[in-house]
Amino acid sequence: MICLKFFYYGTSHESAEDIIGYGISLKKGKDGMNFSSGDGFYVSNDLCLARERAARRFGENNSAVLVF
């Protein structure tokens, strides 16, 4: 049996395009933000939660969710 797990990252359209084009750079993070102190990359296993957080932060028309 194959077990798949999906993880979601809510962000802006611009950041989503950067991640798709260039990958994830933990060096670009800020303390307490997406990449914390450079030690990690925050994702959610809840699509609705990722979308709601992105929409709240970047607005409905500028939010995006990446799926990993």
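## Patch, core and contacts in a predicted chain

Me: Which residues make the nonpolar surface patch of about 470 Å²?
Reply: This is a predicted model, where local features need pLDDT of at least 70, side-chain atom pairs count only at pLDDT 80 or more, and totals for chains, interfaces and linings use all residues. Numbering starts from 1 along each chain as its sequence is written, and side-chain values use heavy atoms, leaving out hydrogens and water. Patch residues have over 30% relative accessible area and no salt bridge, with like charges joined within 9 Å and nonpolar side chains (Val, Leu, Ile, Met, Phe, Trp, Tyr) within 5 Å; areas come from the Shrake-Rupley method with a 1.4 Å probe, and for residues only the protein chains shown count as cover. The patch is made by Ile2, Leu4, Phe6 and Val67.

Me: Is Val67 buried, partly exposed or exposed?
Reply: Val67 is found in strand β2; strands are DSSP runs of E (at least two residues) and helices are runs of H or I (at least four), numbered from the N terminus. Buried means under 20% relative accessible area and exposed over 50%, with partly exposed in between (1.4 Å probe, protein chains only). At 49%, Val67 is therefore partly exposed.

Me: In what order do the helices and strands come along the sequence?
Reply: The chain has two helices and two strands. Read along the sequence, their pattern is β-α-α-β.

Me: Which residues does Thr11 touch beyond four places away in sequence?
Reply: Thr11 lies in strand β1 (residues 8–12) and is buried, with a relative accessible area of 1%. Ala64, a core member, has Thr11 among its own contacts (heavy atoms within 4.5 Å). Setting aside residues up to four places away, Thr11 touches Ala16, Ala54, Phe58, Asn62, Ser63 and Ala64.

Me: How far apart are the C-alpha atoms of Phe68 and Asn45?
Reply: Phe68 sits in the segment after β2 and is partly exposed, with 40% relative accessibility. Not counting residues up to four places away in sequence, its contacts are Lys5, Phe6, Phe7, Tyr9, Ile24, Phe41 and Val43. Phe68 and Asn45 are 23 residues apart along the chain, and their C-alpha atoms are separated by 9.7 Å.

Me: Which residues meet in the salt bridge?
Reply: Side chains of opposite charge can pair when their charged atoms come close. The structure holds one salt bridge, meaning a side-chain nitrogen of Lys or Arg within 4 Å of a carboxyl oxygen of Asp or Glu. With 3.3 Å from N to O, the pair is Arg51 and Glu60.

Me: How many disulfides does a search of the whole structure find?
Reply: Cys3 is exposed, with a relative accessible area of 61%, and Cys48 is exposed at 51%. A disulfide is a pair of cysteine sulfur atoms within 2.5 Å. The number found in the whole structure is zero.

Note on methods: Core = buried A, V, L, I, M, F, W, Y, C linked by side-chain atoms within 4.5 Å.
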